[in-house]
Amino acid sequence: MCGIVGLYLKNAELQSQLGSMFKPMLVEMSSRGPDSAGVAIYRNPVESSQIKFSLAHSNPGFLWETLGTNLSASLNCEVSTSTVASHCILITDAAETEVISWLQTNYPEVRIVGSGKSIEIFKEVGPPEMVYEQFDLEKASGTHMIGHTRMATESAVTTAGSHPFATGADLCLVHNGSLSNHNLLRVKLEHEGITFQTENDTEVAAAYMTWKIRSGATLRQALEDGINELDGFYTFCIGTQDGFAVVRDPIACKHAVMAETDDWVAMATEFRAIAHLPGSDQAKIWEPEPSTIYIWGEQ
Amino acid sequence: MDILDLKEVGVRGVNSVLHDLELSRNKSYRIDNPMGQHAIACGLDAQMQVQIEGHVGFYCGGMNQQAEIMIKGHAGVGVAENMMSGMVHVSGNASESAGATAHGGLLVIEGDASSRCGISMKGVDIVVGGSVGHMSAFMAQSGNLVICGDAGDALGDSIYEAILYVRGEVASLGADCIEKEMRAEHMLKLKEILEISSLKADPTEFRRYGSARTLYNFDIDNADAY
């Protein structure tokens, strides 16, 4: 089961409405995934010298400001933190790898759920509508959003196993399906220096794309290589800082539908999620073809 | 024409009106705001006309008998699945498994159908104005699938006695599906189906495909394949 949704705004004038346009899309997919939900939003890009982390802690009273002060003192860097429910958006001018290793040493219970220039990720256990509201996303502005509603069938209902999965470089991925060669790929990627937080197959797909992009591939090249190397069933919706993409495996048996107008592009597991968007009745609607990369923004 | 607003009464509200055959028989309905919901106008069992003003979700017109259902928009997965008789007409594109297992009636899709169109069809006539995706007419048993555009990979894989007419290119044929001679009776049948569907296409531009019938019986020479 599980539902995935994505919305990419082509018309910049709609950016202030991104959060309100996206909410009914995610909520409509509650019946496919009532356990937990997660969203990635691309907004407020930081300076080129800075990096933005999305962090999470299971204790709702966790003092993120103290973590920020300690990080600043330890790495002699600028740090700003803003708390959003169980999550924190931390912006710093320290090097990404140094921050990650500092967090792993000093705050091993803090989960790094995303990092990059503009990506912010929020995911939590609970009905999708409640999750969306607790992160105050309804009034959010931004360029694109990707979301996932989860029905845990084979593993525990936890936030760590929730999508979207991000492994750095502003890339995130939501997945409907299951991969069959993720263990082999995980070992290969670990040799490339990538660390994993879960045993989840989707995290491997996200890490694979991040690794490709860090190695100099464009999003399209990373996805083309992904079709050859990832084995299993998948409909992926992928976000990067400027890009939005959808790809399905060669068998294409996991549902997906896309819609496009002059103002936006949307994808969802079922069309009813898209039906709420303004102009959806006049949109071009189609089912994405197998092994075909659909991409907007970044090429 | 009676108007049913799905946003007001929901799918169950719409379908319960259509299923009340004493009242709905021989009537015309317009369904507004379908909002991509599933199972709209499913299981109808009398002559009536249903016009749906917009895009529908999964299984619209499923199990239909006798009714004429017009969908003005996109149809989700499994439109007219297991239809027995009557007609379902889609003005836009359709998602995968359109007309799956349908026994009779006519399914017309003006745009493209996706993968597995007519999978295991058992007597329905399906006319697609555009192209169909991979694995269409997989294990198709009976009926006619008319494709005015192109067909994706593995067309008619493991096909029984359904007849496939394709005007455009076929990416590849599935196991045991072959091109066959277009004889006069096929031309006549194709012309008749196209006319009923109201899609404009010249029957002489189509090619016919069907079963080579080599999978009907176990062949010892194939034992190594298992």
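I'm working from a predicted model.

**Chain A, H5 and H6**

I started with helix H5, residues 182–191 of chain A, and helix H6, residues 201–214 of chain A. Their axes lie 9 Å apart, and the packing angle comes out at about 40°. That angle makes H5(A) oblique to H6(A), because oblique takes in what falls between the 35 degrees limit for roughly parallel and the 65 degrees where roughly perpendicular begins. I also looked up the hand of the crossing, and for H5(A) and H6(A) it is left-handed.

Which residues make the contact? From H5(A) I listed His182(A), Leu185(A), Arg186(A), Lys188(A) and Leu189(A). H6(A) answers with Asp201(A), Val204(A), Ala207(A), Tyr208(A) and Trp211(A). Sorted by class, the contact has six nonpolar, one polar and three charged residues.

**Chain B, S11**

Next I turned to strand S11, residues 207–211 of chain B. Is it enclosed or open? Four of its five residues are buried, so S11(B) is largely enclosed by the rest of the structure.

Then I went through the pairing of S11(B). Strand S9 (residues 163–166) of chain B pairs with S11(B) in the antiparallel sense, over three bridges. On that side I noted Tyr165(B), whose bridge partner in S11(B) is Arg208(B).

Strand S10 (residues 177–180) of chain B also runs antiparallel to S11(B), and four bridges join the two. Here I picked out Cys177(B), which stands opposite Ser211(B) in S11(B).

How values were computed:
Residues are numbered from 1 along each chain as its sequence is written. Chains are lettered from A and ligands numbered from 1 in the order in which they are written. This is a predicted model: local features need pLDDT of at least 70, side-chain atom pairs count only at pLDDT 80 or more; totals for chains, interfaces and linings use all residues. Side-chain values use heavy atoms; hydrogens and water are left out. Axes are lines fitted to C-alpha atoms, for helices over the stretch in contact, and angles run from 0 to 180 degrees between N-to-C directions. Angles under 35 degrees count as roughly parallel, over 145 as roughly antiparallel, 65 to 115 as roughly perpendicular and the rest as oblique. A crossing is left-handed if the near helix is turned anticlockwise from the far one by less than a right angle, and right-handed if clockwise. Contact means heavy atoms within 4.5 Å. Ala, Val, Leu, Ile, Met, Phe, Trp, Tyr, Cys and Pro count as nonpolar, Asp, Glu, Lys and Arg as charged, and the others, Gly among them, as polar. Buried means under 20% relative accessible area, exposed over 50%, partly exposed in between (1.4 Å probe, protein chains only). Two strands pair if DSSP finds at least two bridges between them.
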